[in-house]
Amino acid sequence: MRSLLIFVLSAMIFIGTACSGDQPSEKKPRSAKADPASYNRTSPDSEKEEEAPEEEEVRTVPPEQLAKAKAILAAATEDQIAEVDAKGKYKMFCAACHGFDGALGVNQAKDLSASKLSLEESVAQVYFGKGLMTPFKGLLKDHEIVAVSKYIEKELRK
Ligand code: HEC
């Protein structure tokens, strides 16, 4: 009987020490790990939110290009623009990447039917190019760039 009692007691003590010994040692590193991780997670998120508008700012047309586009638009007369075969120019110079409907998207070309750029921004981008889009300064006359940009706005946008 005594040996059984001793066994039961020692077993209880063993279980008691095993539990009390293990639990804090397991909990401590977990909580220690969880805290910095949760802090780390919140800080990059808030950084990303701050970065997002910066990326959009980079995507907008630089002011000096916009100024040139305004000058191009001001110089192009209605008669000059009307004379241009804008559809023909578009097919010849733009459709390879943008497609006849504007939505082809070859070489990461933007969907022109979904474009929200102003006429000035479009003229600036066609004149100066952007990313994989080649500049059309020299390839197309200034008023032809205006005519094609107007064609996109009137005919391709939904
Ligand atoms: C070599 C392929 C290629 C050709 C040819 C091309 N583009 Fe582009 N175009 C692109 C790419 C790529 C973009 C996206 C540029 C970016 O934002 O990085 C783009 C974007 C545009 C945008 C801006 C759309 C927006 O909403 O941001 C306009 C406007 C545009 N092109 C008009 C034209 C016109 C007009 C022509 C013909 C005179 C033309 N493109 C010819 C590749 C091309």
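Helices are taken here as DSSP runs of H or I with at least four residues, strands as E runs of at least two, and both are numbered from the N terminus. The model is predicted, so local features need pLDDT of at least 70 and side-chain atom pairs count only at pLDDT 80 or more, while totals for chains, interfaces and linings use all residues. Residues are numbered from 1 along each chain as its sequence is written.

The chain has seven helices and zero strands, and its elements run α-α-α-α-α-α-α from the N terminus on. A residue is called buried if 20 or more other C-beta atoms lie within 10 Å of its own, exposed if 12 or fewer do, and partly exposed in between, with C-beta atoms placed from the backbone. Of the 158 residues in the chain, 19% are buried. Two residues are said to be in contact if their C-beta atoms, placed from the backbone, lie within 7 Å. Among contacts between residues at least 6 apart in sequence, 68% join residues at least 24 apart.

Setting aside neighbours within four places in sequence, V84 is in contact with K89, H143, E144 and A147. Although V84 and H143 are 59 residues apart in sequence, their C-alpha atoms are 8.2 Å apart in space.

Next come the helix pairs. Two packed helices are described by the angle between their axes and the distance between the axes. Here the axes are lines fitted to C-alpha atoms, for helices over the stretch in contact, and angles run from 0 to 180 degrees between N-to-C directions. Angles under 35 degrees count as roughly parallel, over 145 as roughly antiparallel, 65 to 115 as roughly perpendicular and the rest as oblique. Helix 4 (residues 86-93) packs with helix 7 at an angle of about 90°, the axes being 9 Å apart. Helix 4 is therefore roughly perpendicular to helix 7. On the helix 4 side the contact is made by A86, K87, K89 and Y90, and on the helix 7 side by E144, A147, V148, K150 and Y151. For classes, Ala, Val, Leu, Ile, Met, Phe, Trp, Tyr, Cys and Pro count as nonpolar, Asp, Glu, Lys and Arg as charged, and the others, Gly among them, as polar. The contact of helix 4 with helix 7 has five nonpolar, no polar and four charged residues.

Helix 7 also meets helix 6. The axes of helix 6 and helix 7 come within 9 Å and cross at roughly 125°, so the two helices are oblique to each other. Helix 6 contributes L119, S122, V123, V126 and Y127 to this contact, and helix 7 contributes I145, V146, V148, S149, K150, I152 and E153. By class, the contact of helix 6 with helix 7 has eight nonpolar, two polar and two charged residues. Within helix 6, the residues S122, V123, A124, Q125, V126 and Y127 are buried. The buried residues of helix 6 pack against helix 2 (63-75) as well as helix 7. Helix 6 is followed by G129, which has a positive phi near 75°.

N107, in the loop between helix 5 and helix 6, has phi near 55°. With 12 C-beta neighbours inside 10 Å, N107 counts as exposed. Q108 is found in the loop between helix 5 and helix 6 and has a positive phi of about 60°. Q108 counts as exposed, with 9 C-beta neighbours inside 10 Å.

A residue is near a molecule if its C-beta atom, placed from the backbone, lies within 6 Å of it. The ligand is surrounded by 23 residues, of which the closest are C94, C97, S115, G131 and M133. Helix 5 (95-98), helix 6 (119-128) and helix 7 (142-156) each supply at least two residues of the shell. By class, the shell has 13 nonpolar, eight polar and two charged residues. M133 is found in the loop between helix 6 and helix 7 and is partly exposed, with 17 other C-beta atoms within 10 Å. The C-alpha atoms of M133 and K110, 23 residues apart along the chain, are separated by 9.6 Å.
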